[in-house]
Structures are given as C-alpha cells and as structure tokens.
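Reader: I have the model open and want to go through its side-chain packing. Can we start with the rings?

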Amino acid sequence: MTYFAGIDVGSLTTEVVILDKDDRMVSYAISATGANVTEAVEHTLGQALSRAGLARDRLNFIVATGYGRITIPFADKKITEISCHAMGAHHLFPDTETVIDIGGQDSKVIRIDGEGKVIDFAMNDKCAAGTGRFLEVMAGTFQVPIDDFGALSLKSKREIPISSICTVFAESEVISLIARNEPAEDIIRGLHRSVVSRVWGMVQTVGVPGPVTMSGGVAKNPGVVILLEEHLKKPIHIHTEPQIIGALGAALFAKKHFLRD
Amino acid sequence: MKDLGAPALFRLQQMQKKKRPRKPNPHLGPPLKCADRLREIMTRHYYLSRFVKGAKPVAWVTSGAPVELLRVFDFYTVYPENHGALCGAQKLGPEICSKAEDRGYHPDLCSYARIDLGHAFSGKTPAGRLPRPDLLFCCNNICQTVLYWYKELSHYWDVPLIVFDTPFNFKDIQESDIRYMVSQFEEMIPRLEKISGRKFSDKRFKKIISLGSEASLTWGRVLATMKHSPAPMTIFDAFVHMAPVVSLRGLPVSLDYYRILLEELEDRVEKGIGAIAKEEKRLMWDNIAVWFKLRDWSLLFAERGFNFVAATYTNAWAETIHYLNPESPFESMARAYSLVILNNNMDHRLKLMEGMIRDYRIDGLVILSLRSCKPYSVGQYDIRRLLGERLGVKTLVIEADMTDFRTFSEEQIRTRLEAFFEQLEE
Ligand code: SF4
C-alpha cells in the first residue's frame with residue numbers, strides 16, 4: 001500500500017493529513033504551531049502516523065504547504081496554500097467554484113475550475129483586518145474563549161457597527177463601546193460584520209461566486225458563516241474539520257506528483 | 001563635458017576599484033556585454049555632476065518633462081526620480097525617506113518625492129553629491145505630486161521653477177490644447193535664456209529634437225527584440241538599461257548607447273541566446289519597478305522559467321517621444337509629452353496593454369499596485385478584469401513600494417508569486 005502526507009504549517013496551527021492510494025483519509029492531526037515550527041511539524045506528523053498505525057518510512061511522498069512550508073526539509077515538494085486549499089475543497093465538495101479561507105494571519109478567496117485548479121485568487125494585504133487574528137484579539141478584549149465568540153454574536157438583537165477596520169483602532173473603539181455599557185453581543189456582531197465585509201470585498205474582486213466552500217478555522221465560527229451566507233444568499237459547504245483542507249489538498253498533490261514521477 | 005577633466009579622474013577611480021568576478025548563474029543566460037558600458041555612462045554622468053556647478057547651468061527635471069528644450073541651453077540635468085530609483089536599488093529608500101518624514105512629510109507621499117526632499121534636507125545620497133539646481137523644471141504629465149514637490153524645492157532653495165502644464169487627454173487631443181502648450185514654450189524661452197545666460201538656437205533645437213526622437217525610436221527597437229522567444233533580454237535588464245533614454249535623452253550618448261545595445265540584442269536573437277536559461281512562460285509587468293527587489297526577483301522568476309518580456313513602464317519612453325519632429329518642433333513636442341501613458345485615458349491604456357499582450361505573446365500579467373504612484377495604480381483592478389474578459393490573460397496584483405521597503409511583506413508577496421507560478425504552470 002502506498003501512503004501520502006500533506007503538511008500545512010499555518011501561523012496558528014499545523015495540520016497533517018495522511019491519504020492512501022484510493023484517496024481515503026487514513027488519519028489526520030492538528031496542533032498549535034507555537035514558536036518552534038520544526039517541533040510542531042514533528043509532533044503533528046508523529047500523531048497522524050500513530051493514529052494511522054504507520055511508520056514514517058511508509059509515506060511515499062510528502063507535500064508541504066502553508067507559510068512554514070519552506071522550513072520542512074524532508075518534504076518532497078512545496079506548494080502554496082492557495083493551490084492546496086483549492087484542491088482540498090474540490091475533493092470534498094466537487095461542485096465548489098469559490099473557496100473562502102479565513103486563516104490566522106491571512107484570508108483568501110480562490111476561484112477554481114471543475115478540476116480544483118486555481119483560476120484566480122485574492123488575499124488580504126499586510127494587515128490583520130478580515131482575518132481570524134482580528135477576531136482572536138477582540139475575543140481577548142472581551143475575555144471570551146474564541147470558540148464561543150461566534151455563538152455570542154448570534155444573540156445580538158441590534159448590531160453595533162464598528163467603523164475601524166484596523167485591529168488596533170477597532171480595539172479602542174470596542175473599549176469605548178464597552179465603557180458606554182453597550183451589550184457585548186451587539187458589539188461582537190459588529191466585529192463579525194467587519195471581518196465579513198473585508199472578505200466580501202475579496203470575493204467580489206475574483207467574481208460573483210457559484211457554490212462556495214469555506215476552509216480554515218474561522219469556518220467553525222457560526223457568526224461569520226451566517227453573515228457570509230447573508231451576502232451570498234445561499235448556504236456554504238463546510239466540512240466537519242475545515243482546518244485540514246489545506247493539508248488534504250497537499251496530500252492529494254503528493255499522490256499526483258508521486259504517480260507522475 | 002570633456003572640458004572638465006573628469007574622464008581622467010574617472011578612469012583613475014575605476015582602476016582603484018577591484019573587479020569582483022561574478023559567478024555565472026545557471027538559470028540566467030550570458031550577461032549583456034553592454035552592461036559595462038552602461039555603468040560607465042551612468043557613473044560618469046553622476047560623477048561629473050560634482051564638478052559641474054559653475055561650468056554649466058544645472059536643472060532638476062521630472063522624468064516626463066520635455067528636456068530637449070533645456071538641452072539647447074546646455075543645462076546639465078539631474079533626474080530626481082532616477083536618483084530615487086538608484087537609492088531604491090541600493091536599499092536606502094527608508095533611510096532617506098525618513099529624513100523627509102522627520103520634517104513632517106507624510107509616509108503616504110510618493111517615495112521618490114520623499115527621497116528627493118530627504119536628500120535635499122540631509123545631503124544623503126549614494127551618488128556622492130548632487131549639484132544644487134539653478135532651475136527646477138517640472139511637467140505634470142506624470143502626476144500632480146511633482147508640482148507640489150518641485151514647489152517645495154523651489155521654496156526651500158529659493159530657485160526658479162518652470163512648470164509645463166499638459167492638459168489630460170480624455171479622448172482626443174485638441175488643437176487648442178496644442179496651442180496652449182506651445183504658448184507655454186514660447187514664454188519659457190526668454191526665462192531659460194536668462195537663467196542659463198545662453199541664447200536659444202533654432203538649429204540646435206532641431207538637432208536635439210531629432211536626437212531625442214531617434215533615441216526613443218531606438219529604445220523602442222531595443223524593447224521589441226523581446227518579441228522573439230527566447231527573448232534576448234528581460235524586463236529586469238530593461239529597467240536598468242532605460243536610464244539613458246530617461247535621463248540623457250537629447251544627448252548623443254544616449255542614442256549611441258542604444259545603437260550598440262540594439263546590435264548586441266539582434267545578434268543574440270540571431271544566435272538564439274536568451275536572457276534566461278529556459279524561457280517557458282512570458283510575462284508582462286505593469287507599473288514602476290520594485291527597485292530593491294530587482295536582483296532577487298530576476299533570479300526567482302528565471303529559476304521557474306518565467307521571463308518578463310514587456311512592461312508598460314519601460315514602454316513609456318518608446319511610446320510617444322518619437323513623435324518629436326524637427327519639422328514642427330514645438331507642436332510635436334507638445335503632442336509627444338502630453339500623450340504619455342499617465343496623462344492619457346484608461347481606454348488608451350487598456351488598448352495599449354491589449355496590443356502588447358498580443359504582440360509579445362504574454363502568458364501572464366503581473367500588476368504592481370503602488371501606493372506611492374496614484375496615477376499609475378488607479379484603475380488597475382478594472383484593467384485586470386477587462387483584460388481577463390477580453391484576452392483570458394491570467395493576472396496577479398501585488399502591493400509594494402518601489403523604494404520604501406518598510407511596507408514590504410516578503411512572505412506574503414512570495415506566496416502570491418508562487419501561487420501565480422503554480423497557476424500558470426498547470
Ligand atoms: S507619483 Fe508617480 S509619477 Fe509622480 S513622481 Fe511619484 S512615481 Fe512618479
């Protein structure tokens with residue numbers, strides 16, 4: 001049996017997916033990247049291998065992706081997360097035409113063709129506005145666990161708009177709103193709106209989408225999803241583990257390159 | 001400028017410099033032989049500037065100004081934008097920009113302006129020393145920034161400023177526009193005579209006009225050699241080799257230089273010598289060069305078999321300046337300088353780019369969005385969409401400044417470039 005691994009080293013988390021030759025996901029693992037990329041990769045890969053009951057030398061081809069891809073010396077090939085998210089999303093939801101990935105330090109919107117190849121893409125520029133990091137900082141301000149942040153926003157009855165898209169300025173705006181005793185859920189709803197408007201801008205630069213798949217950790221945030229669906233006027237495909245889509249795409253590329261070589 | 005005895009000094013200086021042998025890069029073709037000649041011309045130009053004060057009148061000139069008129073009066077010309085590019089390539093952008101920011105100039109101001117003002121305030125430059133101007137000569141055919149920037153210099157040094165105002169071309173150039181521009185030239189001449197202490201000569205003017213036109217035409221032919229595959233040069237070479245047509249235009253040296261460069265390139269085309277080892281995809285660049293990344297990127301692209309063979313930027317000096325015609329020197333000069341890409345409408349730009357994409361058989365377009373240069377960067381997303389619809393060309397937009405790398409995000413840009421490569425390689 002041949003096996004393939006995809007490793008996605010993002011700024012917040014590292015994911016590994018192991019596939020067999022029939023594209024079946026044998027195992028996966030997710031852990032925090034932290035300050036030491038090499039350690040995070042070793043740890044996550046080790047976890048995925050032990051879950052699959054495989055020794056490392058059983059992996060026939062490894063593709064690395066994500067911002068840390070260059071620091072994985074043993075990878076057979078490095079491919080950007082843009083191509084990998086496209087491929088992963090296409091594999092899970094073959095009708096996907098647009099992939100929205102809201103990640104820790106950047107967000108991207110990718111238009112793909114019927115084979116999962118990238119037609120066009122847009123990314124946020126140099127700033128945390130419209131990324132997962134923005135929401136994380138704000139959750140910190142409210143001292144709410146990030147996993148509950150989206151659900152809280154759904155309780156809002158009267159959304160308060162946040163005018164600043166800059167993370168630092170938005171934070172001081174939020175603090176003054178808190179000081180005025182505005183209800184937390186209304187402010188939080190406004191913060192989610194802010195992220196979604198930035199992302200929606202990117203969606204429009206690559207063209208009005210057909211079926212949409214969301215990847216990345218923020219896909220688990222119902223507050224973001226609901227607002228995006230409001231713009232799209234249709235439901236979004238979301239996998240139970242949206243974070244592993246990049247690693248899955250990398251593993252699919254690993255198989256493709258193994259067979260090609 | 002034989003009169004200044006500089007060539008001997010220059011040679012002496014060259015002798016003192018030890019030549020480091022460059023290791024050949026396997027992804028690049030053989031380097032252009034002309035590069036040494038170019039370095040000599042440009043070094044000499046900057047070197048002479050140290051001795052020019054008093055010997056010749058000195059003018060600081062914007063890149064799109066009708067310099068041919070100044071040449072009649074024997075002005076030695078300094079191009080702050082060219083100097084800005086030099087500072088950028090030497091990675092001095094942030095340091096010199098901050099000298100202007102210290103005096104309250106906003107970081108959103110064009111970084112060429114910040115470098116130039118920063119240099120004026122601090123004297124910082126990699127070129128030794130630039131001679132103070134006797135005249136500031138500014139043409140607003142490239143942007144409005146230059147107007148305020150040159151006004152600042154004029155105020156700071158108390159130096160006369162001449163502005164040449166070119167009406168924006170919304171659709172077709174009007175006769176009244178031409179008349180308006182020609183009348184400005186007529187007004188300038190007595191002022192130029194006074195500042196330079198030299199008389200206007202019609203005969204000399206016509207000769208210079210021909211030289212300028214010829215240099216621009218020859219530069220156009222130089223660029224056109226890249227229509228061949230493999231292209232004998234890359235746009236990264238052209239970014240460097242454009243210096244004479246920008247800043248020495250109207251002088252015999254620029255025309256002579258492009259003649260030998262053209263000869264070398266034609267020879268390479270004949271022998272099938274490419275600028276990069278394996279030209280697999282051909283790209284076009286839109287906007288000014290990112291000067292501090294020139295070397296890194298020329299390698300990054302060459303490694304993947306991608307060659308930039310066209311750019312709207314290098315093309316700007318081949319597009320209209322050859323309209324110069326000694327038969328109607330003033331009218332043709334008005335036309336040549338008011339129809340440049342940045343003073344022309346979007347439809348024009350779109351058609352120009354469409355033509356280039358076809359002629360150079362372009363597989364992908366890289367658009368640089370440049371906060372410094374608003375007139376160049378406005379409308380780029382529409383251009384990208386329309387070119388995509390009409391020609392199906394794949395386009396990448398990246399953001400960077402041409403000299404100020406404090407806003408440059410290495411990792412993000414690298415990921416975008418690599419994703420673009422993957423997109424085209426499929
Ligand atoms: S704004 Fe643009 S055209 Fe004007 S000086 Fe700066 S770079 Fe040149």
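Reader: What sits over the ring of A:Phe74?
Author: The charged end of A:Arg56, 4.5 Å from the ring centre. A charge sits over a ring if NZ of Lys or CZ of Arg is within 6 Å of the ring centre and within 35 degrees of the ring normal. In chain B, B:Arg103 lies over the face of B:Phe121, at 4.3 Å from the ring centre.

Reader: What are the ground rules here?
Author: This is a predicted model, where local features need pLDDT of at least 70 and side-chain atom pairs count only at pLDDT 80 or more, while totals for chains, interfaces and linings use all residues. Residues are numbered from 1 along each chain as its sequence is written, chains are lettered from A and ligands numbered from 1 in the order in which they are written, and side-chain values use heavy atoms, without hydrogens or water.

Reader: How many aromatic pairs over all chains?
Author: The search finds 33. Rings of Phe, Tyr and Trp (its six-membered ring) pair if their centres lie within 6.5 Å; planes under 30 degrees apart are stacked, over 60 edge-to-face, the rest tilted. One of the pairs is B:Tyr47 with B:Phe51, edge-to-face at 5.6 Å centre to centre and 70 degrees between the planes.

Reader: Is B:Tyr47 buried or exposed?
Author: B:Tyr47 is buried, at 9% relative accessibility, and B:Phe51 is partly exposed at 35%. Buried means under 20% relative accessible area, exposed over 50%, partly exposed in between (1.4 Å probe, protein chains only).

Reader: And B:Phe185 with B:Phe330, why is that pair tilted?
Author: Because the planes are at 35 degrees, with the ring centres 5.9 Å apart. Both B:Phe185 and B:Phe330 are buried.

Reader: Switching to cores. Which residues have the most contacts inside the largest one?
Author: B:Trp219, B:Phe239, B:Trp285, B:Trp291 and B:Trp297, in a nonpolar core of 147 residues. Such a core is a set of buried Ala, Val, Leu, Ile, Met, Phe, Trp, Tyr and Cys residues joined through side-chain atoms within 4.5 Å.

Reader: What is B:Trp291 in contact with?
Author: Leaving aside neighbours within four places in sequence, its contacts (heavy atoms within 4.5 Å) include B:Tyr112, B:Phe239, B:Tyr313 and B:Met402. A second, separate core has 36 residues, among them A:Val109 and A:Leu227.

Reader: Last one: how much of chain B is buried?
Author: Buried residues make up 58% of its 426 residues. The C-alpha trace of chain B spans about 65 × 55 × 50 Å along its principal axes.
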